[in-house]
Every structure is written in structure tokens, then in C-alpha cells.
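Subject: Structure handover

Hi,

Here is the structure I promised. Please open it alongside this note; my findings follow below.

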Amino acid sequence: MSLRLRENPWRLMLAVNIAVLIGVFLYKLPREPYVPYIHLLVDYHFGFTKRALIGAVVSLFFDKVPVWLVFALSGAVWLITLALFVKLFRRTFGFDEENLPLFVFMAGSPFFLKNFMHTLGHFDIYGCALAICLLLIPARSIAFVLLAAAASMILVLIHHIHLLMYVPTIAVIVVLRYYLVQGMTRQNASAGIAAILAVGLLFLAAQFWGSLAVPEAEFVQYLQGRMADPSRGNLLSFSFIWYQSLAQEIHDTWQRMTSNLLGVPVFALLIWLHTPLWKYFAGLIRSLSDPMHRRIVIAAIVAVSAAYLVMFAIVFDYSRWISNWAVCMLLILHAIKTLPASREVPVISSDDRKTTILGAIVTLIPRVGIVRPF
């Protein structure tokens, strides 16, 4: 076994990635899950409330919410996402030796599973998991469009910022997997417009009518009543976010903008380390046999990226946003692979020295972070 690892460094990188993931989990476990825990407490007790869907579901099973549930629930979602991605990669590319470098750059990226491990309990991973599901299920009828709309609405109820974070990528998956294959008809166009309107209206409701009308002291008292250990009141320190207006969020973001922008060169370096993956991505786009498909794919990438730029201006969790942007690009890559191509694109070379070095560096980076790099 050790001989096989020495002969194939990409197998060794996979083993190292597993070790790094375990290390990130052990590092994360003793930390206080401030934001994730309070999201398990908030439900619809005071009426329609933003960011309350997960807490409402939890309330069906737990009258008193223990802190360990944050790690149990988020860990289960992480494992499901891993299993879904492995299934997706196997179906799209297969697990031949020649595809190992591609798998390392995707699954072993600090933007992806490692950062989801670091942000256990945060809501980002739900968008990724639902998008992967839409890449796996058949896309042969209007039901696919309706399922995508339902998934998007669930994400908006989990957290309305998903409208910018994963809903655009879900829309791209629908366009590439359904509309470009089945063509546009009056019926499916109407379904698409109805889906867009439904998701948009739900977002407006969550953004502008989902704030709490009761005093914060009353809200905190209710949350304490749902805690398994009410003495740990420090875990409720983020209750203010259910009262924060959009204007206040933008003000706080721009107040921190100067210091947060210092991380941009680090983000650029991390993106550059994935150069072999981006070259393969560009090759897939160039290989598309229909010029219209190429233009639509490029427009889709621009649109998803523009949504993240808007998010950068609103909320300052920059490390999470750049990580999820990279994940969205990986998911779009899988969708592009299903489109007709005029030629086969060579996968990432396992013999190139520079590629191997970059793969090793990507493997050793444990995460990107939440607000600032690392």
C-alpha cells in the first residue's frame, strides 16, 4: 500500500486530505457554536420569521435543544453532501486513475468540503447539497423546474441570503440541464417565470417582513426557554441579527471594508493555486459544440459572480462567500459536462510537475475561513 502511495502522489494527497478533514473537525468541535446554535432555537413562534426554518424543523423533535445537536445535525448534513458529491463525480467523470487529480482539486479544495467542515452549523452547505441533488436527478420534464423552485424557496426560508449565494447557481443548473436540452416552449417558459416570481416574492417577504416585532428581551427569554442549558446565555449573543435591517448590515460591512479587503490578495492566491482546474473548466466551455451554449454558459458564470459581488457589498463574511463562489463554479462545471461537446477535453495531467506541486499545496491548506482568510 505504501509503495502504491509513493508511486501515485495523488492517492497520497487523498489520504492527506482525509487526515486534514479529521484535524479540522477536532479543531472545530470544542469551539462555541454561537451563530449555528441560535439558528436551531429560532422558529415561527412569533409569526413568520427570517432564518427560522431549520429551528422550526428542530422544534418538531426537540422541546429543549442541546448544544451537541449543532454538531450532530451539521455533521450529518456534511456527510450527506460528501456522499452526494462522490456520487456526482463518479457519474460525471468516473474514478479512473486519470481522474484522480481532478477529484483532488475539487474534493480536496480548501474552498469546498474542508471549509464546510470549518463552518459546521452554518447554512451554506444546504445550498450546495440541494444543488448537487438537482445535478443528480433527471431533468426531462417541468417537474424538474418546479423541484428547483421548491429547493430555492426552502433555501430562502433557511436564510434569505441564499437568493444570492446558491439560488443563481440552481437557476443555471436548470437552464443548462433542462432548457438547453428540452428547448423553450410556452408551457415550460411559463413554469420558469412562475418559479422566479415565487422565489422572488418569498425573498422580499423574508427580507422586509421577516424581522421580529416583539422586544428583543422577550425574544431572548423565549430562546432561553428552548435551551437545554439556559445558563449558557452567552450562546444567545447574536440574537440582534433578527432585528438588524438591510441598511444596518450594509453599514457594518462598509465600515469593515478596508480591513477586509486586505484578504483579497490571499483569496486571489488561493484561486490561482487551482489553475489546473480552471484551465480544464475553460477547456470544457471552449469544447461545447453549440456557440449559443458557450455564450449562455459564460453569461451564467458572470451572473453568478455578480450575485456574489452584491453579497460582498452587503455582508462581510468574505471567506465564506469566496469559498461558496468557488463551489458554485465546481457545480456549474458538472452541469457543463452534460452538454454536447465537439471534442474530448483532456483531464488534469497527473504527470505534470507544476500540477502535482499545486495539488499538494491545495491538499495541505485546511480551510479558507469565515470572515478573513484562515
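A word on terms first: a surface patch here is built from residues with over 30% relative accessible area and no salt bridge, and nonpolar side chains are joined within 5 Å. Keep in mind that this is a predicted model.

The nonpolar patch. Its members are Ile193, Leu197, Leu201, Leu204, Phe208 and Trp209. Together they have about 690 Å² of accessible area. Take Leu204 as an example. It sits in helix H12, residues 186-209. Its relative accessible area is 36%, so Leu204 counts as partly exposed.

Helix H3. This one spans residues 34-41. Six of its eight residues are buried, so H3 is largely enclosed by the rest of the structure. The buried ones are Pro36, Tyr37, Ile38, His39, Leu40 and Leu41. What do they pack against? Three helices: H4 (53-59), H5 (68-92) and H13 (216-226).

Trp242. Look in the loop between H13 and helix H14 (246-255). Is Trp242 buried or exposed? Buried, with a relative accessible area of 0%. Leaving aside residues up to four places away in sequence, Trp242 touches Ile38, His39, Val42, Thr49, Lys50, Arg51, Ser211, Leu212 and Phe219. Two of these names, Ile38 and His39, are also among the buried residues of H3. The Trp242 side chain also reaches the backbone oxygen of Lys50, at 2.8 Å. As for Arg226, it is 16 residues from Trp242 along the chain, and their C-alpha atoms are separated by 17 Å.

Over to you.

Best wishes

Key: Residues are numbered from 1 along each chain as its sequence is written. This is a predicted model: local features need pLDDT of at least 70, side-chain atom pairs count only at pLDDT 80 or more; totals for chains, interfaces and linings use all residues. Side-chain values use heavy atoms; hydrogens and water are left out. Patches are made of residues with over 30% relative accessible area and no salt bridge: like charges are joined within 9 Å, nonpolar side chains (Val, Leu, Ile, Met, Phe, Trp, Tyr) within 5 Å. Accessible areas come from the Shrake-Rupley method with a 1.4 Å probe; for residues, only the protein chains shown count as cover. A salt bridge is a side-chain nitrogen of Lys or Arg within 4 Å of a carboxyl oxygen of Asp or Glu. Helices (H or I, at least four residues) and strands (E, at least two) are DSSP runs, numbered from the N terminus. Buried means under 20% relative accessible area, exposed over 50%, partly exposed in between (1.4 Å probe, protein chains only). Contact means heavy atoms within 4.5 Å. A polar contact is a pair of N or O atoms within 3.5 Å; within protein, one must be able to donate a hydrogen and the other to accept it, and residues adjacent in sequence count only if both atoms are side-chain atoms.
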